Amino acid sequence: MPAATTNNESGFTLFDTAIGRCALIWRGGLVVGSALPEASDAELRTRIGRRFPEAREADPPPFAADARARIAALLAGESPSFEDLPVDLEGSDFERLVWKETSLIPRGEVRTYGELATRIGAVGTAQAVGLALGRNPVPIIVPCHRVLASGGRSGGFSAPGGVATKFRILEIEGARRPGEAGLLGALPLAVKRP
């Protein structure tokens, strides 16, 4: 059984969700990363080790156990809030601005990269917004899966499983464009089941 971490140590935990085994990574009293499912636990641990080499598998402290439960709840179709989680978003000022705006997208709705660029006052930077979302350290907590390319196209999704994972999460959330009855029926790509 994993040991507990102390003070400023980094740790991670793997946990089951409706879409597979996910991971949560923390340092001290802050969530610093999350990861969506890989093909195996070994691959998930390898991915974590590349980005967070100092983290060791451990029992999560209460704040991390709470974050883990909220992620699992969202992926089970519930509507937990992530606003009050202690999260450290390490990135450039632009990336943090994109992640903050992305965090405001309500469950079940989507935006485009261009809409996000406009909302942060950086019109014409849709591609840079996409790159920032590709570096999102805490998927689900910062819901980058809720951002599409123009015209309802999928855009990218750097998490394992790519756009199939993105659409699976959107399907769980009952995603739609603001003012539309449903999003997934109109999308050009079907959600692929593993």
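Start by selecting α3 and α5. Phe94, Glu95, Val98, Trp99 and Thr102 in α3 meet Ala128, Val129, Ala132 and Leu133 in α5. Contact here means heavy atoms within 4.5 Å. Helices (H or I, at least four residues) and strands (E, at least two) are DSSP runs, numbered from the N terminus.

This is a predicted model, where local features need pLDDT of at least 70 and side-chain atom pairs count only at pLDDT 80 or more, while totals for chains, interfaces and linings use all residues. Residues are numbered from 1 along each chain as its sequence is written, and side-chain values use heavy atoms, with hydrogens and water left out.

Stay on this pair. By class, the contact of α3 with α5 has seven nonpolar, one polar and one charged residues. Ala, Val, Leu, Ile, Met, Phe, Trp, Tyr, Cys and Pro count as nonpolar, Asp, Glu, Lys and Arg as charged, and the others, Gly among them, as polar.

Next, pick Leu133. Setting aside residues up to four places away in sequence, Leu133 touches Val98, Trp99, Thr102, Tyr113, Leu116, Cys144 and Val147.

Now show the largest nonpolar core. A nonpolar core is a set of buried Ala, Val, Leu, Ile, Met, Phe, Trp, Tyr and Cys residues joined through side-chain atoms within 4.5 Å. Buried means under 20% relative accessible area, exposed over 50%, partly exposed in between (1.4 Å probe, protein chains only). The largest core has 35 residues; Leu24, Ile71, Leu75, Val129, Leu133, Ile140 and Ile141 touch the most other members. At least two residues each come from β2 (20–27), α2 (62–75), α3 (93–103), α4 (113–119) and α5 (126–134). Colour α2 separately: with six residues, α2 gives the most to this core. Then look for a second, separate core of ten residues, including Leu14, Ala23, Ala35 and Phe52.

Move to Asn136, in the loop between α5 and β6 (147–148). Is Asn136 buried or exposed? Asn136 is buried, at a relative accessible area of 7%. Its contacts, not counting residues up to four places away in sequence, are Arg51, Trp99, Val142 and Cys144.

Zoom out. The protein holds six helices and six strands. Of its 194 residues, 46% are buried.

Finish by colouring on pLDDT, the predictor's confidence in each residue, from 0 to 100. The average is 86, and 81% of the residues score at least 70. Select residues 186–194: there the pLDDT is below 50, and the stretch has 16 contacts in the model beyond near neighbours in sequence.
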